[in-house]
Every structure is written in structure tokens, then in C-alpha cells.
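Here is a short tour to read alongside the structure. Take a look at the fold, and then we will walk through a few of its features together.

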Amino acid sequence: MVSSGESNRRTGEVSIKDVAHRAGVSIGTVSNALNRPDRVSSDTRSRVRAVIDELGYVRSESARQLRSGDSRMVALLVLDIGNPFFVAMSRGAERATREHGLGVMMCHSAQDSEAESLYLSMFAEQRVRGVLVTPADTTGANLLTFRRHGIPYVFVDRVVDSDDACSVSVDDVAGGELAVRHLLETGHERVAYISGPSNLAQCTDRLVGARRAIEAGGLGPESLTVLETAKLDVASGRDAGARLLGLRPRPTAVFCANDLLALGFLQAMFDAGVRVPEDIALVGYDDIEFAAAAAVPLTSVRQPAERMGSTAAEMLLRETEGDPGHEHESVIYSPELIVRRSTLPRRQ
């Protein structure tokens, strides 16, 4: 005759009852050993752990959460999971949450407000501990709806009113100004800004900075050409490059709203036989790992992506602790210009 425990192990469904039976303790003792180890002697904990390893028991997180009402999962919702900037940001968030015994579920909206709404609904259904979000919906309607669930959230890579929620971001206006000032200082007077969608605050803030640099350099607004793209990806950068080649007079320098656009633009220039930086200088934004490894190492405005992720996660964890004195705050980091070969000074 086969015992129920042996039968469960054969089907891969080892229960907490099986663990208790094999260890010779109560189900409550096993539960305490897992969730409140300070209530169980070290010998009993060791015996329970040994049986768990032997049987391959995996506790049901959903059942635990229903009993305690306390999730061990934080959600991270970004604009594009394929962008290395957001991958680096997720590493920072994961490192900070892991120290507290929590995990991170990463999703991306693909810059689509409807997709964002669906994910926020899913997070509410799963009752996640909290959400780190780079919003795609510029109206704020999605998060206004989500707020009624009482789940804390922190904005990442977005500046917001500190009375609304905590946020972590970089001064994108300063970043745009850094990029274009550098191009002017290397001898360029006709600059193009290749932007992503104009409804994204990051793109419009970088444009504000670019215009400030043009004005401070004593040039007229006609010195800056703006080419908007539908997405912030390599394909859009290639398309923008083809469009720029048809401009007359053609800009001699280009500032891209992110490094993926810049890498796509660089590909388009190579295909057309246009030399970077001899014929056109190029600056990206984010300073992702691939920027330094490009065929022409890319000058880029660096954002501290991992630090932003870890800071946002730490802010979220403080808020989820339920401190009645908690006050929302905005952390804004300063960008840094990393100069590489794509913007060598023009030959006179």
C-alpha cells in the first residue's frame, strides 16, 4: 500500500501535511519554521528544513498571501523591457528588494496606455506589495484608478509633484542642455534633435534643454531641427537617419533622445556612407552598455539607472512599512556627459 505522502511526491504535489508527518511535528510548527522561525527551536527548524529538502516541498505563495494579506512581490512597470536602460534599472530595484526577502515582477507597457492599464489591474488582483512605474499614460488616469486599491507606487524616470507620490528621476532638461552645449562647443551650428514620442515627458524635457543650449550659444531657433519618432528604438533611429539625410541644409550634429535611437541613426549613416563624426557628430542619452561598444563609440548623457532603481525600491519599501509620518519625496539625480569618439571636434 502506498502512503498519501508517497503518492503526492510521485505527482510532484508535496503538501505541508507531508512535511509535518515526516518531521514528526505539527502543521503549525512547519508553518512557524517557514514564516516565524524565531518561534521554533533551532533543532526543530533544522529538522523541518531537512525534510523540506528531502521531499522537495514548495510552499504556495498565493495561499500564504491569502492568510497573511502580505505580498512578497513588487511590480516594476517600464516603457520598454528591450531597452538596456530599464534592464539596468530593474537590477537596482531587484538588489534592494532582495535584501528584504522580496522579489520583483518586471513588465513593460510598450509605451501603450491601454497595456499599462491592464498591467495595473493585474497588479491590483495579485495584491502586490507595491509598484515601481514609468508611466505611459500622460493623463495620469490609469494611476488615478489604481490608487483606489491602496497599493503604494513610486514613479521612476519621471518627475512628479511630491505631494502626489514619491519619484526618482534625472534632470532631463539639464541632460539635453549638456548634450547640445557639447555639440556647439565642438564647432557645430546646425543641430538636429531626434526625439521619441512628444507625449513622453522625458523627450520633451530633453528638447527644452536642447533649446536652452541653442539660445545660450547665441544661435537662433532655426539652428535646431526636431525630428519626432513613434518609438525610442533602433528601427526608429534608422528611419530618422534616412529622413535627416534628405534635409537641406543638413545638420552637422545630432542629439538623440536615447542611445537606441542613436545606434539606429549610426547604422543609417554607415549604410549611406556618411562618416561619424567627420561628417556628422552624434550624441545619445542613457549611456547603456552598448554605447561604448558601438562601431564608433558613442558620446552619451549618462543616467545612473541602477541607482535610480534601488533608490525607488527603497522609497517604496519605506512606504509599505506603514510609517504614519511618511512624506512623499522626489529625488532628482544630475546627468553626466560621457564624451567618446562620435563627437570628436570638427576639423577646421
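In this predicted model, the largest nonpolar core has 72 residues, and the members that touch the most others are Leu132, Val254, Phe255, Phe265 and Leu282. Helix α12, spanning residues 259–272, is the top contributor to this core, with 8 residues. As background, nonpolar side chains in soluble globular proteins tend to be buried together.

**Around the cores**
- Beyond its neighbours within four places in sequence, Phe255 is in contact with Gly176, Ala179, Val180, Leu183, Ala192, Tyr193, Ile194, Arg206, Ala210, Val283, Gly284 and Tyr285.
- Another core, of 16 residues, lies apart from the largest one, and its members include Phe123, Val131, Ile151 and Phe155.

**Where α11 meets α12**
- The axes of helix α11 (residues 234–245) and α12 are 6 Å apart and form an angle of about 50 degrees, so α11 is oblique to α12.
- From α11, the contact involves Val234, Ser236, Gly237, Arg238, Gly241, Ala242, Leu244 and Leu245; α12 brings Leu260, Leu261, Gly264, Phe265, Gln267, Ala268, Met269 and Ala272.
- By type, the residues in this contact of α11 with α12 are 10 nonpolar, 5 polar and 1 charged.

**A closer look at Asp172**
- Asp172 is found in helix α9 (residues 172–185), and it counts as buried because its relative accessibility is 6%, where the cut-off is under 20%.
- Setting aside neighbours within four places in sequence, Asp172 is in contact with Asp157, Gln202, Asp205, Arg206, Tyr285 and Gln303.

How values were computed
Residues numbered from 1 in each chain as written. Predicted model: local features only at pLDDT ≥ 70, side-chain atom pairs only at ≥ 80, totals over all residues. Heavy atoms only, no water. Core = buried A, V, L, I, M, F, W, Y, C linked by side-chain atoms within 4.5 Å. Buried < 20%, exposed > 50% of the residue type's maximum accessible area, 1.4 Å probe, protein only. Helix = DSSP H or I, 4+ residues; strand = E, 2+ residues; numbered from the N terminus. Contact = heavy atoms within 4.5 Å. Axes fitted to C-alpha atoms, helices over the stretch in contact; angles between N-to-C directions. Parallel < 35°, antiparallel > 145°, perpendicular 65-115°, else oblique. Nonpolar A, V, L, I, M, F, W, Y, C, P; charged D, E, K, R; others polar.
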